[in-house]
Amino acid sequence: MNPPVGTPFFFYLLSATVLIGGVLVITRKNAVHSALALITALLAQAGLYLMLYAPFVAGVQIILYAGGIMVLFLFVIMLISIERSQKERQFNKQWLVGIAAAAALGGLFIAVYTKGKSLFPEGSLTYAEAGNTQGVADLLYSQHSGIYMFAFEIASLLLLVAIIGAVVMAKKRI
Amino acid sequence: MEAMLHITTLHYLVLGAALFLLGVIGVLTRRNVVIVLMSIELILNAVNLNLVAFSRYWQGIHGSTALHGQVFAIFIITDAAAEAAVGLGILIAFFRNKETVNVDEVNLLKW
Amino acid sequence: MLFLDHIWIIPLLPAFGGAGMLFFGRKLQKATVNVVCVGMVGLAFIMACGSVLQYTAWAETHSHQPYQTILYTWLGGDTGHLIYPTHDGAQAPFQADAGLLLDPLSSIWLLFVTGVGMLIHIYSIGYMAHEGGYYRFFGYLNLFMFSMLTLILANNYVLLFVGWEGVGLCSYLLIGFYFHRKSASDAANKAFIVNRIGDSGFILGMFFIAWLCGSLRFVDVNAFAHLGTHSPETLKYITAATLLLFVGACGKSAQLPLYVWLPDAMEGPTPVSALIHAATMVTAGVYMVARSNALFVLAPTSMKTVAIVGALTAIFAASIGLVQNDIKRVLAYSTVSQLGYMFLALGVGAFAAGVFHVFTHAFFKALLFLGAGSVIHAMSGEQDMRNMGALEKRIPVTYWTMLIATLAISGIPPFAGFFSKDEILWQTWTSEGDAYRILWVIGYVTALMTAFYMFRLVYLTFYSKPRMSREVEHHIHESPKSMIVPLVILAVMSLFAGFLGWPRSLGGSDHFARFLDPVFARGEARTLIEEGKAGQLVAAEKEEEHTSPTEYLLMVLSVAAAGVGWYMAKRSYAHAHTGYSEPIKAASPATYKILLNKYYVDEGYDYLFTGRRKIDGVRLGAMGLGEASSWFDANVVDGAVNGAGWITRTTARLSSWWDKWIIDGIGVNGPAILARMLSYPARLFELGLVQWYALVMTVGLVGFVFYYVYH
Amino acid sequence: MHAIVEYIRGYLASDQTPGAAGNWFWATVYILLVFVGLSIAVIAMNWLERKILAHMQVRLGPMRVGPHGLLQPIADALKLLLKEDIMPAEADAVVFWVAPFIVVLAAFTVFVVVPFGPTHAITDMNIGVLFMLGVSSLAVLGIVTAGWASNSHYPLIGALRSSAQMVSYEVAMGLAVVSVILMTSLHGLGLYGVGGAASADTGTLSMIGIVQAQLEQHEWFIFKFFPLGLIGFFIFAVAMVAETNRAPFDLPEAESELTAGFHTEYSGFRWSLFFLAEYSAMIAVSSIAVTLWLGGWLRPFPNAWAGPRWDFFFSLFPGITFLFLGGLCFFSAARMPKHPYFRIQTLGLTGFGATLALIGLVLFLPGVRERVGDIFWFSAKVAAFMYLYIWYRGTFPRYRFDQLMKVGWKVLLPTGFALLILTAVLGFVEPPVAAWLRGVL
């Protein structure tokens with residue numbers, strides 16, 4: 001198999017998209033713009049997953065996040081009128097403290113990564129993506145190596161609870 | 001420049017950290033509940049990115065079946081779906097009662 | 001042995017039908033109800049025939065043992081509970097199986113119950129077609145069939161008692177089928193309560209048997225009775241047990257003095273009267289006594305009691321029947337009277353003859369009731385014979401079938417009743433001891449009366465002059481096919497059923513008694529050998545030797561009695577006009593009044609037991625005692641109770657005050673108030689804003705990471 | 001220079017898709033080919049839909065521009081490109097501008113994994129089907145944003161309808177697809193099995209892998225586990241009509257209720273993008289259906305009628321088809337009125353027929369013949385679906401919205417679940433049962 005071409009270029013392109021998207025999410029006044037920025041970020045991140053040889057996660061990211069969750073968000077944004085909230089303050093009273101706390105956290109991250117830089121030494125590695133889906137499925141369902149089978153069932157239960165919870169919350173009369 | 005051209009796991013971790021911080025800032029400072037929820041999605045995605053990056057790292061050590069990080073990422077996406085559904089459900093109930101989507105106007109929990 | 005092995009299905013079939021009707025019947029079409037209910041009983045009948053056929057084959061190779069199958073034990077058993085001491089000091093477990101037993105005796109009941117039951121089900125399709133609660137009616141009927149089959153097939157007294165109570169319940173439900181009518185619901189209550197009196201005797205008798213034998217299975221009880229070496233003490237106990245059982249039989253089979261419910265039971269729909277109160281349920285008492293024949297044989301006193309009560313009931317009810325005007329009531333008293341006959345037969349030891357009479361009676365009495373139902377149907381609900389007449393040509397099938405039944409019940413050869421009744425009278429006559437001749441005389445007079453009142457019914461209904469209103473007359477019509485067909489079948493059976501018991505004296509071989517031999521004869525033979533003195537009760541064994549001229553004479557005499565009764569009825573009623581005169585009234589008005597009012601027995605019971613009638617505002621009898629004890633309870637006992645209550649309450653009030661102010665005030669609320677005051681500063685930190693909590697969380701996270709990186 | 005030629009020629013020897021082989025040149029060529037082919041298909045669909053609908057209603061349809069209106073779509077395209085592009089004053093400019101591109105992007109990106117042949121795909125992804133479903137579901141984002149950005153009532157209602165509808169039917173669609181993915185892993189030679197035993201028990205999401213699984217198992221998945229495959233196909237066939245917002249599920253753009261639904265406020269070039277996207281999406285979902293159930297590029301009876309003679313026979317079909325079309329053109333040209341006014345029309349039609357016939361003759365060349373068979377069969381199957389789409393539009397009345405939701409959630413979804421469970425159970429149970437039965441017989 002030939003080595004992938006232009007990996008650093010795509011990495012930086014997609015990273016930039018993700019970060020710009022993230023910044024737009026938290027700064028836009030209009031929630032629809034935020035949502036569109038988030039979708040862009042999510043799709044770029046799906047590209048990053050592909051670069052990390054995780055096509056299945058990328059596919060799930062696209063179909064579930066971009067195609068499912070974000071449609072839900074848009075739907076809700078359209079249901080609730082937001083004209084009023086656009087003219088109001090966008091940030092709460094503690095914004096300064098919040099940014100300070102986040103900055104402190106960021107500082108710590110920098111400290112940690114400088115300290116532990118040598119922990120992840122290798123450069124670009126190439127692995128087969130051919131068996132990725134099958135491998136994930138093996139971990140989830142296989143009789144012998146399916147160590148996440150129970151977790152999978154729990155996740156399905158969680159989804160069921162979420163369905164019921166969402167209906168109970170959102171419906172006027174049940 | 002050499003470090004820039006070799007994309008290592010650390011690159012992804014740094015990106016993840018940055019995304020995480022963006023999400024944290026969004027959660028801590030925005031008033032609009034919808035955007036707060038979206039910021040939570042950002043946080044979850046940052047975590048996912050790290051997990052998938054770790055998964056590749058472990059694949060380099062243990063072979064191509066070490067996909068645990070990806071499985072975790074899938075579980076987190078599942079959780080995100082559940083969280084979004086319930087969160088938006090609460091949001092609609094909230095909006096119906098108070099005609100607002102500002103999170104700092106809700107402090108009934110205090111009493 | 002397909003059918004025999006699956007005999008437990010027979011009672012379950014109607015149970016399914018009944019349950020289905022009572023749970024889902026409301027939604028069903030009439031056609032569905034018919035198919036399910038009648039089909040279930042029909043299947044049960046087919047299975048019953050198959051089972052009996054296979055049983056006869058089976059019995060050949062098993063020395064005429066009863067066939068017994070035990071499904072499971074539903075009460076007691078090997079659990080180790082319910083252990084009780086028997087009369088000889090041994091320990092025995094109280095045990096009741098869900099077990100089925102088939103022997104000749106239950107075979108006969110099985111056949112005619114399912115057969116007649118099926119016919120009456122078919123009849124009901126036509127009769128109930130225009131009534132409300134159709135599914136309910138059929139559900140009850142099927143439930144009744146289930147209970148009755150349980151009763152018949154039970155292999156022990158307890159299961160028999162279950163069926164016994166089941167048929168009682170169904171009887172109650174069906175008598176009160178028109179529950180919106182007060183008279184019907186009263187009649188239902190009466191039947192139920194009177195039956196309970198009998199049942200109390202039955203239960204006590206059952207306990208006696210359990211205490212004596214250590215088991216309630218029929219085979220064990222029979223084995224105990226055939227043991228032979230009974231001390232005089234034991235024999236006394238057996239007498240007591242059998243008398244108590246007979247009390248139960250009196251209640252169920254309407255004998256003196258507990259017969260009062262049966263005439264009132266005619267409030268139910270006519271098919272019910274035919275099925276339950278003529279053909280099947282009321283013979284349960286006979287069945288129970290016949291089933292316990294081994295014990296009864298050991299107790300001469302009980303046997304005599306049974307015979308005397310039976311004879312008295314027979315003549316008592318027959319005399320009332322002479323003057324009743326309601327067509328169904330006449331038949332009801334006739335039923336009581338015929339039941340008396342059956343008990344007379346049992347009492348003189350002619351068990352086979354009694355059972356034979358039950359068998360023939362089932363057909364012609366069911367036929368009479370169904371015919372009466374057909375007449376009532378034709379008369380638009382009119383039941384009073386004074387308003388009938390000249391129906392012969394209008395409803396010919398009903399007429400002919402009822403005539404056959406009347407000939408049968410009157411004892412005119414060669415109809416079925418002749419053989420069974422004659423057998424009973426003959427057995428009574430041949431019993432040793434002069435007293436039995438008196439019983440024979442009573443039976444003989446009863447036979448005459450029977451012929452009289454039955455032909456009175458026929459003449460008043462079918463002959464004489466039409467006495468109904470013009471409107472009713474206009475509507476007279478023959479009944480639908482579903483009612484006619486059972487009538488015809490039953491008529492054929494009334495005609496030929498007697499041939500099964502064609503007596504030896506007339507050149508027959510008495511198949512019926514022979515078939516029953518394994519149930520009755522063996523016990524009697526052994527008793528005869530070991531007791532000697534019980535010989536006078538054992539007639540069945542000796543009948544072959546007694547084919548004497550006397551028998552032919554008696555036969556002729558009884559036929560003559562029937563003839564006389566017929567003739568008297570014809571003379572009095574053949575041309576009865578509106579406002580005709582009763583011959584008895586003409587002869588003795590006082591007697592007529594007493595008979596018409598049924599000897600004032602109901603009124604007497606009202607004074608003595610029910611308290612429905614008072615003298616000067618004071619209840620007498622049982623209810624009076626109840627009122628007195630009620631006064632004592634209300635004033636003396638309750639006063640003491642209230643006093644104790646007052647003392648308790650005062651103490652409690654004191655205690656409550658202490659609890660409220662001392663324990664709660666200082667002990668509980670004190671610390672709580674303290675805690676609230678101390679926690680007030682902590683409250684100030686809680687803003688109730690989600691983002692504030694998130695901020696605190698983030699700061700905490702920073703702290704943790706800081707600690708782990710730099711500690 | 002030599003290296004570049006080698007780079008280009010080197011791929012021709014390989015048996016992989018250009019994407020999998022990592023050959024940039026051929027990947028670009030394929031992308032261009034797909035894009036051009038798709039554009040031609042959309043143009044042809046435009047003309048065909050108008051003509052077929054017209055004939056269904058006993059009309060003639062476009063007749064003036066070009067012979068039999070053949071040039072009508074080109075004229076329309078020109079018109080749309082030249083029209084004024086109107087944007088409502090109150091619209092959200094950025095979003096309004098971006099929305100049609102999202103739709104078009106989603107519709108075209110799907111074709112990255114569509115396999116026109118064992119090697120004729122831009123690339124073969126490990127998650128092919130998932131990718132197709134995911135990317136095609138992105139179209140809903142474009143529609144929703146378009147409706148919202150117009151800041152107008154009809155578009156907003158259309159957008160809300162569209163989002164609800166597409167999210168609903170996506171679920172049923174996904175279930176049907178999952179049942180097929182399950183089938184790829186069920187090689188067992190059971191009662192239903194007619195093909196050869198397979199090497200491994202793993203399934204695949206790859207589009208090419210799915211078609212190859214059908215080849216290996218000797219049956220199209222529409223026939224597998226009859227009638228389960230058929231039911232799955234039916235669910236998908238209904239859901240895909242709803243997904244593409246076509247009649248009878250065209251509520252988001254129901255003209256009698258919402259004027260034009262989510263694209264009411266669009267005009268000119270942007271409107272034509274929606275048009276392009278709609279038809280591309282139709283072709284895309286039809287491609288999924290063809291790949292998943294109808295054997296993709298496989299010619300009829302590839303296993304039963306194998307051998308060089310049969311191969312030769314079936315390889316004649318593409319050329320024959322084009323010759324037939326060319327012949328049809330000649331026939332029509334011959335029947336044109338002989339009036340001088342019609343000379344240009346007649347000449348044009350003859351020229352068109354000659355072009356088609358020439359293409360047909362080229363397709364008979366041995367080297368070409370052997371390479372285009374796959375593409376031809378795939379396109380023929382997709383074309384059948386396209387005709388179905390037009391047919392639906394000509395015959396079915398539109399659903400009411402609550403009925404639409406009812407069909408989606410209460411009929412298709414439960415059926416899909418039952419189908420999935422039954423497929424799993426059957427795949428698990430059937431081989432041993434079949435073995436036992438064979439033992440008994």
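User: How many helices and how many strands are there in chain B?
Analyst: The model is a predicted one. From the N terminus on, the elements of chain B run α-α-α-α. The count for chain B is therefore four helices and zero strands.

User: What percentage of the residues of chain B count as buried?
Analyst: A residue is buried if 20 or more other C-beta atoms lie within 10 Å of its own. Chain B has 111 residues. The part of them that counts as buried is 57%.

User: In which helix of chain B is confidence lowest?
Analyst: Chain B averages a pLDDT of 84, and 93% of its residues score at least 70. Confidence is highest in helix 2 (residues 9-29) of chain B, at 90. Where pLDDT is low, predicted coordinates should not be read in detail. The lowest mean in chain B, 55, belongs to helix 1 (residues 2-5).

User: Which helix gives the largest share of the side of chain D that touches chain A?
Analyst: The contact takes 23 residues from chain D and 21 residues from chain A. On the side of chain D, the elements that give two or more residues are helix 6 (128-137), helix 7 (139-149) and helix 8 (153-185). The largest share, six residues, comes from helix 6 of chain D.

User: How many residues of the side of chain D that touches chain A are nonpolar?
Analyst: The residues on this side of chain D include no charged ones. Seven of them are polar. The number of nonpolar residues is 16.

User: Where in chain C is P257(C) placed?
Analyst: The peptide bond that leads from L256(C) to P257(C) is cis, with omega near 0°. The place of P257(C) is the loop between helix 9 (232-253) and helix 10 (261-264) of chain C.

User: What is the omega of the peptide bond from P413(C) to P414(C)?
Analyst: P414(C) lies in the loop between helix 17 (396-410) and helix 18 (416-430) of chain C. The bond from P413(C) to P414(C) is cis, and its omega is near 5°.

User: Is Y600(C) buried or exposed?
Analyst: Y600(C) has a positive phi of about 55° although it is not a glycine. This residue is found in the loop between helix 25 (589-596) and helix 26 (601-610) of chain C. Because Y600(C) has 12 other C-beta atoms within 10 Å, and 12 or fewer is the cut-off, it is exposed.

User: Is N245(D) buried or exposed?
Analyst: N245(D) lies in the loop between helix 10 (228-243) and helix 11 (255-258) of chain D. Its phi is positive, about 60°, although N245(D) is not a glycine. Because N245(D) has 25 C-beta neighbours inside 10 Å, it counts as buried.

How values were computed
Residues are numbered from 1 along each chain as its sequence is written. Chains are lettered from A and ligands numbered from 1 in the order in which they are written. This is a predicted model: local features need pLDDT of at least 70, side-chain atom pairs count only at pLDDT 80 or more; totals for chains, interfaces and linings use all residues. Two residues are in contact if their C-beta atoms, placed from the backbone, lie within 7 Å. Ala, Val, Leu, Ile, Met, Phe, Trp, Tyr, Cys and Pro count as nonpolar, Asp, Glu, Lys and Arg as charged, and the others, Gly among them, as polar. pLDDT is the predictor's confidence in each residue, from 0 to 100.
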